[in-house]
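Subject: Structure handover

Hello,

Here is the structure we talked about. Please open it alongside this email and follow the notes below.

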Amino acid sequence: MTKPLQGRVALVTGASRGIGRSAALAFAEAGAHVIALARTAGALEELDDEIVAIGGSATLVPLDLSDAGGLEKLGHAVTERWGKLDILLANAGILGSLSPLDHVTEKDWARVLEINVTANWRLLKALDPALRASDAGRVLLMTSGAAHKCTAYWGPYSVSKAAVEALGRTYAAETATTPVKLMLVNPGPLRTRMRAEAMPGEDPQTLKTPEELAPHLVRLAAPDWSESGKIFDFPQGKVLTPQMPA
């Protein structure tokens with residue numbers, strides 16, 4: 001039986017843990033060669049061992065997403081080595097400080113926007129030629145209900161995720177006449193380190209796991225996925241069309 005991502009090349013950011021790690025394993029099991037990007041080389045090596053154990057293959061990229069030059073070089077390297085990129089899962093993100101807007105420091109604000117927004121723009125910019133060279137380029141950007149709820153004290157994170165949605169929908173519009181499709185993914189509350197940081201009093205056993213989300217990411221990354229510029233809402237298990245102003 002042919003695997004759904006057989007022969008595809010997938011780049012996953014934040015691949016060392018949580019959603020990124022589960023997605024990298026699921027992509028590899030589905031037949032893709034995984035380019036796994038994260039800051040920690042040791043965690044990437046552990047991931048590589050697991051991918052090899054299930055019969056997959058990976059290329060490890062230890063890189064901080066704030067390294068603009070590194071991301072530009074990555075784009076060139078992907079094109080030179082594979083001639084295309086079939087899947088980009090831009091998963092990496094940070095929560096930042098949860099505090100009133102007037103208590104957020106310039107440093108914290110800048111770091112959240114740098115990692116959650118600017119890095120994703122740099123990735124799209126660097127990898128756009130490789131994605132367009134694919135017969136079915138697929139981009140998955142991680143969003144959050146925080147982009148719409150705008151809960152008190154979640155300012156930097158909420159703003160960053162609203163910006164990610166605008167970034168994604170803009171790229172979807174710009175690639176509308178190409179084989180590239182972009183989907184925003186709202187994973188909802190999952191059993192991850194970021195969730196534990198945000199909600200320290202919550203019982204993690206009440207939450208779904210990244211492993212439960214991963215098969216849906218495989219489906220969104222597959223060549224036969226046809227929708228673009230929309231949100232896959234994992235808690236509801238369905239695709240949502242962003243509301244447009246009248």
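Start with helix 1 and helix 8. Their axes pack at an angle of about 55°. An angle is called roughly parallel under 35 degrees and roughly perpendicular from 65 to 115, so helix 1 and helix 8 count as oblique to each other. The axes are 8 Å apart. The crossing of this pair is right-handed.

One caution before going on: this is a predicted model.

To find the contact in helix 1 (residues 18-29), look at G18, I19, R21, S22, A23, A26 and F27. By class, the contact of helix 1 with helix 8 holds ten nonpolar residues, two polar ones and two charged ones.

Next, helix 4, which covers residues 106-133.

Helix 3 with helix 4

Helix 3 spans residues 68-82. Its axis packs against that of helix 4 at an angle of about 20°, 8 Å away. Under 35 degrees counts as roughly parallel, so helix 3 and helix 4 are roughly parallel to each other. Helix 3 passes helix 4 in a right-handed crossing. On the helix 3 side, the contact is made by A68, L71, E72, L74, G75, V78 and T79. On the helix 4 side, A119, R122, L123, A126, L127 and A130 take part. These residues of helix 3 and helix 4 divide into nine nonpolar, two polar and two charged.

Helix 4 with helix 6

Helix 6 runs over residues 155-174. How do the axes of helix 4 and helix 6 cross? They cross at roughly 15° and come within 9 Å. That makes helix 4 roughly parallel to helix 6. The crossing is right-handed. Helix 4 brings W109, V112, L113, N116, V117, N120, W121, L124, D128, L131 and R132 to the contact. Helix 6 brings P156, Y157, V159, S160, A163, V164, L167, Y171 and E174. By class, the contact of helix 4 with helix 6 has 14 nonpolar, three polar and three charged residues.

Two asparagines in helix 4

N116 and N120 both belong to the helix 4 side of that contact. Take N116 first. Is N116 buried or exposed? Its relative accessible area is 1%. Buried means under 20%, so N116 is buried. The side chain of N116 has two partners to look at. One is the backbone nitrogen of I94, which it reaches at 2.9 Å. The other is the side chain of S160, joined to that of N116 by a polar contact of 3.1 Å. Setting aside residues up to four places away in sequence, N116 touches G93, I94, Y157, S160 and V164. N116 and N91 are 25 residues apart in sequence, and their C-alpha atoms are 9.0 Å apart in space.

Now N120. This residue also lies in helix 4. Its relative accessibility is 4%, so N120 counts as buried. Which residues does N120 contact, leaving aside its neighbours within four places in sequence? They are A90, V164 and L167. V164 is therefore on the contact lists of both N116 and N120.

The loop between helix 5 and helix 6

Helix 5 covers residues 146-149. Look at their backbone angles. C150 has a positive phi of about 50°, although it is not a glycine. Y153 has a positive phi too, near 80°, and is likewise a residue other than glycine. Are C150 and Y153 buried or exposed? Exposed means over 50%. C150 has a relative accessibility of 53%, so it counts as exposed. Y153 has 51%, so it counts as exposed.

That is the tour. Please send back any questions.

Best wishes

Conventions: Residues numbered from 1 in each chain as written. Predicted model: local features only at pLDDT ≥ 70, side-chain atom pairs only at ≥ 80, totals over all residues. Heavy atoms only, no water. Helix = DSSP H or I, 4+ residues; strand = E, 2+ residues; numbered from the N terminus. Buried < 20%, exposed > 50% of the residue type's maximum accessible area, 1.4 Å probe, protein only. Contact = heavy atoms within 4.5 Å. Axes fitted to C-alpha atoms, helices over the stretch in contact; angles between N-to-C directions. Parallel < 35°, antiparallel > 145°, perpendicular 65-115°, else oblique. Left-handed = near helix turned anticlockwise from the far one by under 90°. Nonpolar A, V, L, I, M, F, W, Y, C, P; charged D, E, K, R; others polar. Polar contact = N/O pair within 3.5 Å; in protein donor to acceptor, adjacent residues only side chain to side chain.
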